Amino acid sequence: MSQSLVKITASLTAHPGKAEELRGLLLDMAPHCRAEPGNLRWDVWRDTEMPECYVLDELYRDAEATEAHRRTPHYQAYLAKVPALADRSALILEPVALEE
């Protein structure tokens, strides 16, 4: 597995009438995800123009930490619940070396 950082940016748009339930799910996830050994950052953002839209900003030490995150019970529970609450898309990003 790669030893470079992994950034995940997930975008979630709540289904009608589900924004508060989605918000609760995301806020409940935060302490669990932040406690993972390979997690460096896990934040929830909300769009100021469309309050039913949320963005998860996640940063992991490496691909192994990302895979460990995906195996956790809290992530599995999230995956089971989120389709009924929101449309979701995610970008899995790696750093690009910039030449000086």
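Biologist: Over how many bridges do S2 and strand S3 pair?

Modeller: Happy to start there, with the reminder that this is a predicted model. S3 covers residues 53–60, and S2 pairs with S3 in the antiparallel sense. The count of bridges between S2 and S3 is seven.

Biologist: Which residue in S3 is the bridge partner of tryptophan 45?

Modeller: Let's take two positions in this pairing. Asparagine 39 stands opposite tyrosine 60 in S3. For tryptophan 45, the bridge partner in S3 is valine 55.

Biologist: Through how many residues does the hairpin join S2 to S3?

Modeller: S2 and S3 are antiparallel partners. The link from S2 to S3 is a hairpin, and the number of residues it runs through is six.

Biologist: Which strands stand at the edges of the sheet, and why is one side of each left without a neighbour?

Modeller: The sheet is open, with four strands in the order S2-S3-S1-S4 and antiparallel pairing. An edge strand has a single partner strand, so one side of it has no neighbour in the sheet. Here the edge strands are S2 (39–46) and S4 (86–93).

Biologist: What does the twist average from one strand to the next?

Modeller: Good one to follow with. The sheet in question is the open one of four strands. From each strand to the next, its twist averages 15°.

Biologist: Which strands does H3 touch where it packs on the sheet, and what angle does its direction make with that of S4?

Modeller: H3 packs on the sheet and touches strand S1 (6–14), S3 and S4. Taking the direction of H3 against that of S4, the angle is about 135°.

Biologist: Are H1 and H3 roughly parallel or roughly antiparallel to each other?

Modeller: Helix H1 (residues 19–34) and helix H3 (residues 73–85) have axes 11 Å apart and pack at an angle of about 165°. Angles over 145 degrees count as roughly antiparallel. The crossing of the two is left-handed. H1 and H3 are therefore roughly antiparallel.

Biologist: How many nonpolar residues are in the contact of H1 with H3?

Modeller: The H1 side includes Leu22, Leu25, Leu26 and Met29, and the H3 side includes Tyr75, Tyr78, Val82 and Leu85. By class, two residues of the contact are polar and two are charged, while the nonpolar ones number nine.

Biologist: What pattern does the protein follow along the sequence, and what is its radius of gyration?

Modeller: There are three helices and four strands, and read along the sequence they give β-α-β-β-α-α-β. The globule rule gives 13 Å for 100 residues, and the protein's value is close to that, so it is as compact as a globular protein of that length. Its radius of gyration is 14 Å.

Conventions
Residues are numbered from 1 along each chain as its sequence is written. This is a predicted model: local features need pLDDT of at least 70, side-chain atom pairs count only at pLDDT 80 or more; totals for chains, interfaces and linings use all residues. Side-chain values use heavy atoms; hydrogens and water are left out. Axes are lines fitted to C-alpha atoms, for helices over the stretch in contact, and angles run from 0 to 180 degrees between N-to-C directions. Angles under 35 degrees count as roughly parallel, over 145 as roughly antiparallel, 65 to 115 as roughly perpendicular and the rest as oblique. A crossing is left-handed if the near helix is turned anticlockwise from the far one by less than a right angle, and right-handed if clockwise. Contact means heavy atoms within 4.5 Å. Ala, Val, Leu, Ile, Met, Phe, Trp, Tyr, Cys and Pro count as nonpolar, Asp, Glu, Lys and Arg as charged, and the others, Gly among them, as polar. Two strands pair if DSSP finds at least two bridges between them. The radius of gyration is taken over C-alpha atoms; the globule rule is 2.2 Å times the number of residues to the power 0.38.
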